[in-house]
Amino acid sequence: MSVYVITGVSSGIGFGLLKSISEDPQNLVVGLVRNKAATEQKVATELGQRSNVHIVHGDLTNYASLKQAAAETAKIVGERGIDYLVGNAGFPAQFDAYSPIGELGEEPEEIDDVADKLFKTNVTGNIHFFNLFMPLVLKGKTKKVIAITSGHADLDFINNFDVENSALYSASKAALNIIVAKFSAQYKKDGVLVFSMSPGVVEVGHFGDLTPKQTEGLMKFVGRVQAYAPHFKGPVPVEGAVQTIRSLWERASIETGYAGAFVSHFGNRQWV
């Protein structure tokens with residue numbers, strides 16, 4: 001039996017992880033979300049009454065809510081602590097997703113606003129999340145902390161294939177990877193594995209309702225991805241991504257070189 005705490009379980013990969021992990025009644029899953037009531041309703045409707053699932057309010061942009069979530073989680077997990085702490089939630093900005101950075105310069109105020117939201121959610125939010133929940137991880141048996149990152153943060157991918165889009169988002173994920181390495185540097189001696197993992201290109205509904213200009217930007221990016229990985233056929237379903245993600249974090253260890261690492265769902269630097 002393992003204890004999992006996962007942020008952002010209201011939809012997408014987070015909900016897929018919650019669904020998959022809680023299928024084993026021996027597992028205990030605590031999911032942090034901003035809208036607790038709506039997520040509890042979704043769980044009840046789609047998964048039924050699973051006694052091993054607990055939904056807790058927690059917002060990465062609100063330290064007090066994360067502190068309260070940590071206290072509630074401590075009561076739920078007790079002396080078992082946490083085996084897997086998963087920083088899945090993030091802010092997927094649409095502003096820079098399909099445009100090169102030079103075009104973003106035409107909207108300086110939007111750059112400031114989106115960059116602030118990205119950094120507060122994807123970086124400082126995860127710093128608070130990891131710090132507040134680390135005492136429970138230290139009590140656990142498995143002691144693994146995983147941050148969901150992105151291949152967009154890989155400099156070789158950007159430079160070798162002239163990937164222009166998602167500049168602000170990429171920067172926030174690159175910063176997250178550094179934070180992960182710093183946590184690893186501190187807690188590796190305590191047997192805690194901390195690493196960041198890109199889930200690959202997953203179909204989570206981000207590509208709907210695009211303007212013609214955004215569609216053009218998306219197609220340009222897809223062309224870059226196909227040049228990088230000719231076998232690429234498009235986003236994979238959440239269910240398939242979840243199995244690959246879980247397989248990696250279960251086999252990853254400090255001894256096999258994953259401490260502080262930034263890797264793909266394959267466990268290397270092949271992003272798709």
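**View 1. Strand S2, covered on both sides.** Strand S2 (residues 28–33) is mostly covered, with six of its six residues buried; buried means under 20% relative accessible area, exposed over 50% and partly exposed in between, for a 1.4 Å probe and protein chains only. This is a predicted model, in which local features need pLDDT of at least 70 and side-chain atom pairs count only at pLDDT 80 or more, while totals for chains, interfaces and linings use all residues. Residues are numbered from 1 along each chain as its sequence is written, and side-chain values use heavy atoms, with hydrogens and water left out. Strands (E, at least two residues) and helices (H or I, at least four) are DSSP runs numbered from the N terminus. In a regular strand the side chains alternate between the two faces of the sheet. On one side of S2 sit Leu28, Val30 and Leu32, on the other Val29, Gly31 and Val33, and all of them are buried.

View 2. Strand S1 (residues 3–7) runs parallel to S2, and five bridges join them; two strands pair if DSSP finds at least two bridges between them. Look for tyrosine 4, whose bridge partner in S2 is valine 29. From S1 the chain crosses through helix H1 (residues 12–22) to S2, and this β-α-β crossover is right-handed: with the strands pointing away from the viewer, the path from the first strand over the helix to the second runs clockwise. Five bridges also join S2 to strand S3 (residues 53–57), again in parallel. Here glycine 31 has isoleucine 55 of S3 as its bridge partner. The β-α-β crossover from S2 through helix H2 (residues 36–47) to S3 is right-handed.

View 3. The open sheet has seven strands in the order S3-S2-S1-S4-S5-S6-S7, with parallel pairing. S3 and strand S7 (262–263) stand at the edges with a single partner strand each, so one side of each has no neighbour in the sheet. H3 packs on the sheet, where it touches S1, S2 and S3, and its direction makes about 165° with that of S2. H2 lies across S2 and S3 and runs at about 165° to S3. Such angles run from 0 to 180 degrees between N-to-C directions, and axes are lines fitted to C-alpha atoms, for helices over the stretch in contact. Contact means heavy atoms within 4.5 Å.

View 4. Three bridges join S1 to S4, and the two strands run parallel. Tyrosine 4 turns up again in this view, with tyrosine 84 as its bridge partner in S4. Four bridges join S4 to strand S5 (residues 144–148), also parallel, and tyrosine 84 stands opposite lysine 144 in S5.

**View 5. Two helix pairs.** Two packed helices are described by the angle between their axes and the distance between the axes. The axes of H3 (residues 63–77) and H5 (residues 108–139) come within 10 Å and cross at roughly 25°. That makes H3 roughly parallel to H5; angles under 35 degrees count as roughly parallel, over 145 as roughly antiparallel, 65 to 115 as roughly perpendicular and the rest as oblique. H1 and H2 pack at about 50° with their axes 12 Å apart, which makes H1 oblique to H2. Their crossing is right-handed, and Phe15, Leu18, Lys19 and Ser22 in H1 meet Lys42, Val43, Glu46 and Leu47 in H2.

View 6. Most residues other than glycine have a negative phi, and most peptide bonds are trans. Lysine 143, in the loop between H5 and S5, has a positive phi near 55° and counts as buried at 17% relative accessibility. Aspartate 162, in the loop between helix H6 (155–161) and helix H7 (167–187), also has a positive phi, of about 50°. Glycine 234 lies in the loop between helix H8 (212–228) and helix H9 (238–251) and is buried, at 19% relative accessible area. Glycine 234 and valine 272 are 38 residues apart in sequence and 9.4 Å apart in space, C-alpha to C-alpha.

Note on methods: A crossing is left-handed if the near helix is turned anticlockwise from the far one by less than a right angle, and right-handed if clockwise.
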